[in-house]
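Q: I have a protein model open and want to learn to read its features. Where should we start?

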Amino acid sequence: MKSIRIILITLFSLFLTLQLSAQKLNEIQVIGSHNSYKSQMAPELVAYLAKVNPPAAQSLEYAHIPLEAQLELGLRNLELDVFHDPEGGRYSNPKGLEIIKASGGDIPNYDPTDALSKPGLKLFHVQDLDFQSHHLLFADALTALKKWSNNNPEHYPIFILINAKDGNIPGTRPVLPFTATALDSIDLEIRTHLGMNKLITPDMVKGDYTDLESAVLAGNWPSLEDARGKFLFVLDESEEKIDRYLTAKPELKNAVLFVNKKEGNSTAGFRIINNAVKDESYIRELVKKGYMIRTRADSDTKQARTNDYSTFEKAKASGAQVISTDYYIPSTFFKSDYKVNFEGDLYQRPNPVLVNK
């Protein structure tokens with residue numbers, strides 16, 4: 001029986017590949033991870049947070065396998081949080097180490113290459129507390145992604161959301177703001193460590209149209225065949241921060257990042273709409289018009305703790321092209337069978353809203 005199941009899955013995967021080969025970039029639906037870089041938080045820090053902020057502690061009880069392992073599994077969406085640190089050393093010696101020591105815990109080997117002392121964008125979740133990451137340097141993550149891509153040159157496109165984090169949290173060290181120049185440094189690092197030949201950019205989608213949104217509404221997304229081996233980056237940020245980025249990249253000319261601009265703006269094309277339960281119909285209408293959408297299957301560990309798939313079902317039905325989860329594999333922090341994937345243990349499929357339109 002097991003061999004028959006393997007054959008059926010293989011045939012289904014082949015059929016899916018043949019289906020996908022004739023489609024455009026916006027006509028697929030993929031599953032990926034949220035805070036993809038995040039490795040397990042020290043238990044002493046989770047216990048500390050549980051005393052001062054129980055909901056926050058509970059929401060942080062998840063971790064991910066390395067980025068390359070996620071891609072090997074079949075995920076085609078990642079989310080990376082970056083912190084501005086042009087001189088290096090700003091986030092060295094996290095304050096959380098003092099809490100671990102005071103609790104009698106062992107200091108984790110969180111920075112074996114002394115990455116935090118080096119200049120450049122840093123990659124972790126929360127300064128001083130949730131600081132353990134598979135790659136502390138954004139540049140190292142990009143290098144790892146490029147290596148994986150070069151080893152799998154025919155892979156289907158990978159969507160990467162970027163959060164430019166500059167929020168100050170009481171009791172933690174102040175962060176540096178993401179000015180227009182700092183936001184433009186995200187572009188520079190991607191260009192330097194991944195390479196333009198690996199990118200799907202706003203200019204590529206815009207083509208000969210007057211602006212990006214006009215191109216999107218005309219369906220000018222590249223074909224999946226042309227998008228093989230490439231990455232598409234999106235700045236998932238507030239309107240204010242996006243406008244700062246646009247001062248460095250007016251109309252997204254020569255930009256690496258797409259931006260989460262609301263429809264009706266000339267730079268709109270890729271939207272972040274996280275509540276698929278409330279916004280299912282809204283998402284579906286935008287998908288039909290040509291926009292690409294990212295939504296979520298779960299958040300803050302809530303759905304996984306109750307084995308609640310209702311949000312995921314809404315996300316699938318909405319046609320959002322990118323669905324993120326913390327549970328492409330079941331939790332190792334609490335007992336749960338919750339696992340997010342498509343039929344056949346797959347993480348990409350034709351878009352249910354667009355394939356039969």
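A: Start with one residue and its cover. T201 is buried, with a relative accessible area of 6%. Buried means under 20% relative accessible area, exposed means over 50%, and partly exposed lies in between (1.4 Å probe, protein chains only). T201 sits in the loop between α7 and α8 (202-206). Its contacts, neighbours within four places in sequence aside, are M196, A255 and F258. Contact means heavy atoms within 4.5 Å.

Q: What kind of model is this, and how are residues numbered?

A: The model is predicted: local features need pLDDT of at least 70, side-chain atom pairs count only at pLDDT 80 or more, and totals for chains, interfaces and linings use all residues. Residues are numbered from 1 along each chain as its sequence is written, and side-chain values use heavy atoms, with hydrogens and water left out.

Q: How many helices and strands does the protein have?

A: Helices (H or I, at least four residues) and strands (E, at least two) are DSSP runs, numbered from the N terminus. The protein has 14 helices and 10 strands.

Q: What do the interior and the surface look like in numbers?

A: Of the 357 residues, 56% are buried. Take the contacts between residues at least 6 apart in sequence: 75% of them join residues at least 24 apart. The protein exposes about 15200 Å², and carbon and sulfur atoms supply 53% of that. Accessible areas come from the Shrake-Rupley method with a 1.4 Å probe; for residues, only the protein chains shown count as cover.

Q: How far apart are the mean positions of the positive and negative charges?

A: Lys and Arg count as positive, Asp and Glu as negative; His and the chain ends are not counted. Each charge is placed at NZ of Lys, CZ of Arg, CG of Asp or CD of Glu. The mean positions of the 41 positive and 45 negative charges are 2 Å apart.

Q: How do I check a helix?

A: Compare its span with the expected one, which is 1.5 Å times one less than its number of residues. Helix α6 (residues 138-151) has 14 residues and should span 20 Å; its end C-alpha atoms are 20 Å apart, which agrees.

Q: Which residues of α6 are buried?

A: An α-helix has 3.6 residues a turn, so residues three or four places apart point the same way. In α6 the buried residues are F138, A139, A141, L142, A144, L145, W148 and S149. Their cover includes α4 (67-73), β2 (77-83), β3 (122-123), β4 (158-164), α7 (180-193) and β5 (231-235).

Q: What about a strand residue?

A: Look at L123, in strand β3. L123 is buried, with a relative accessible area of 0%. Beyond its neighbours within four places in sequence, L123 contacts residues including Y37, L80, V82, F138 and A141.

Q: Which residues have a positive phi?

A: Most residues other than glycine have a negative phi, and most peptide bonds are trans. N93 has a positive phi of about 50° although it is not a glycine. N93 lies in the loop between β2 and α5 (96-102) and is exposed, at 58% relative accessible area. D114 has a positive phi of about 60° and is not a glycine either. D114 sits in the loop between α5 and β3 and counts as partly exposed, at 43%.
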